Amino acid sequence: MNWADFAQHMASMARDLLAQTSVDATLERVTASAVELVEGCDAAGILVLHGGQVRTLAPTERLVTDSDRLQERLSEGPCFDAARTKDGERVYRIPDFTRDQPRWPAFGPQAHKLGIGSMMGFLLYTEDEELGALNIYSRRPGAFTEASELAGWLLASHAAVSFSSARTHAQLEAGLATRHTIGEAMGIIMGSHRLSEDQAFDVLRRYSQENNIKLREVARLVCDHGGLT
């Protein structure tokens, strides 16, 4: 694919990302685009790191999940590093897993056994937050070129913005749904116990604290069962 065709595909992909209706759909479009647009890419996925625990999002095949689980178990690896921005680096490219990897002495040989020949990792970040890493794999050593790395970096840049936007939208929708459920639950309690709005909310809050249940779950119980038992 020449650069003119690549630019057209990238522009189309960017529009597609904005049109997705969920975080999962957005990320699945990102990883599918990596396989389609990055020369040498056989598989792709997104790694999100919480403390030392890894989540694999939108993997295009099992190889991605196996690699992430291996990095989690060993607490080392290029995508693990990219996700936590070790040494400030934002891009990793490992040309050949048939050779020793001094930086990741445990991960390198075991990654090769999984069938990984070469890989790249790109931090997904915006000015406000770091979101994880886009990981790109090939079964062949030496599969990725400078052009592959540039294409991956451009894709990761679009992906970070779309991921952040989709997640923010999902959080806003969840917040609106929660407020609606709490309001409905308060109305039920106000009507059944002749309480004021503040008193009804206090009933929900106390039940939440005493039973160690999130307020939105308490509200859902009231809505589902017509009250609290």
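Q: Which residues does F122 touch, not counting residues up to four places away in sequence?
A: Contact means heavy atoms within 4.5 Å. With residues up to four places away in sequence set aside, F122 touches R90, V91, G132, A133, L134, I136, E149, G152, W153 and A156.

Q: What kind of model is this?
A: Residues are numbered from 1 along each chain as its sequence is written, and side-chain values use heavy atoms, with hydrogens and water left out. Local features need pLDDT of at least 70, side-chain atom pairs count only at pLDDT 80 or more, and totals for chains, interfaces and linings use all residues; the model is predicted.

Q: Is F122 buried or exposed?
A: F122 sits in strand β4 (residues 118-125). Buried means under 20% relative accessible area, exposed over 50%, and partly exposed in between (1.4 Å probe, protein chains only). F122 has 0% relative accessibility, so the residue counts as buried.

Q: How many Å apart are F122 and G152, C-alpha to C-alpha?
A: In sequence, F122 and G152 are 30 residues apart. G152 is also one of the residues that F122 touches. In space, C-alpha to C-alpha, the gap between F122 and G152 is 7.3 Å.

Q: What pattern does the chain follow along the sequence?
A: Helices (H or I, at least four residues) and strands (E, at least two) are DSSP runs, numbered from the N terminus. The chain has 8 helices and 5 strands. Read along the sequence, their pattern is α-α-β-β-α-α-β-α-β-β-α-α-α.

Q: What share of the contacts with a separation of 6 or more joins residues 24 or more positions apart?
A: The chain has 229 residues, of which 41% count as buried. Take the contacts with a separation of 6 or more; residues 24 or more positions apart account for 57%.

Q: Which residues is S148 in contact with, leaving aside neighbours within four places in sequence?
A: S148 belongs to helix α6 (residues 146-193). Its relative accessible area is 1%, so S148 is buried. Beyond neighbours within four places in sequence, its contacts are V38, E39, M120 and A143.

Q: How is the aromatic pair of Y92 and W104 arranged?
A: Rings of Phe, Tyr and Trp (its six-membered ring) pair if their centres lie within 6.5 Å; planes under 30 degrees apart count as stacked, over 60 as edge-to-face and the rest as tilted. By this rule there are 2 aromatic pairs. The Y92 and W104 rings are 6.3 Å apart, centre to centre, with 65° between the planes: edge-to-face.

Q: Why does the Y92 and W104 pair tie together separate parts, and how far apart are they in sequence?
A: Both Y92 and W104 are buried. Y92 lies in strand β3 (residues 91-94) and W104 in the loop between β3 and α5 (107-114), so the pair ties together parts whose separation in sequence is 12 residues.

Q: What is the angle between the ring planes of F97 and F107?
A: F97 lies in the loop between β3 and α5, whereas F107 lies in helix α5. F97 is buried at 2% relative accessible area, and F107 is buried at 0%. Their ring centres are 5.9 Å apart, and the pair is edge-to-face because the planes stand at 85°.

Q: At what angle do helices α7 and α8 pack?
A: Axes are lines fitted to C-alpha atoms, for helices over the stretch in contact, and angles run from 0 to 180 degrees between N-to-C directions. Helix α7 covers residues 197-211 and helix α8 residues 215-225. Their axes are 9 Å apart, at an angle of about 115°.

Q: Which hand does the crossing of α7 and α8 have?
A: A crossing is left-handed if the near helix is turned anticlockwise from the far one by less than a right angle, and right-handed if clockwise. The crossing of α7 past α8 is right-handed.

Q: How do the residues of the α7 and α8 contact divide?
A: From α7 come F201, L204, R205, Y207 and S208, meeting L215, V218 and V222 of α8. Ala, Val, Leu, Ile, Met, Phe, Trp, Tyr, Cys and Pro count as nonpolar, Asp, Glu, Lys and Arg as charged, and the others, Gly among them, as polar. The contact divides into 6 nonpolar, 1 polar and 1 charged.

Q: What is the phi of N212 near?
A: Most residues other than glycine have a negative phi. N212, in the loop between α7 and α8, has a positive value. N212 is exposed at 73% relative accessibility, and its phi is near 55°.

Q: How many disulfides does a search of the whole structure find?
A: A disulfide is a pair of cysteine sulfur atoms within 2.5 Å. C41 is buried at 8% relative accessible area, and C223 is partly exposed at 23%. The number of disulfides found in the whole structure is 0.
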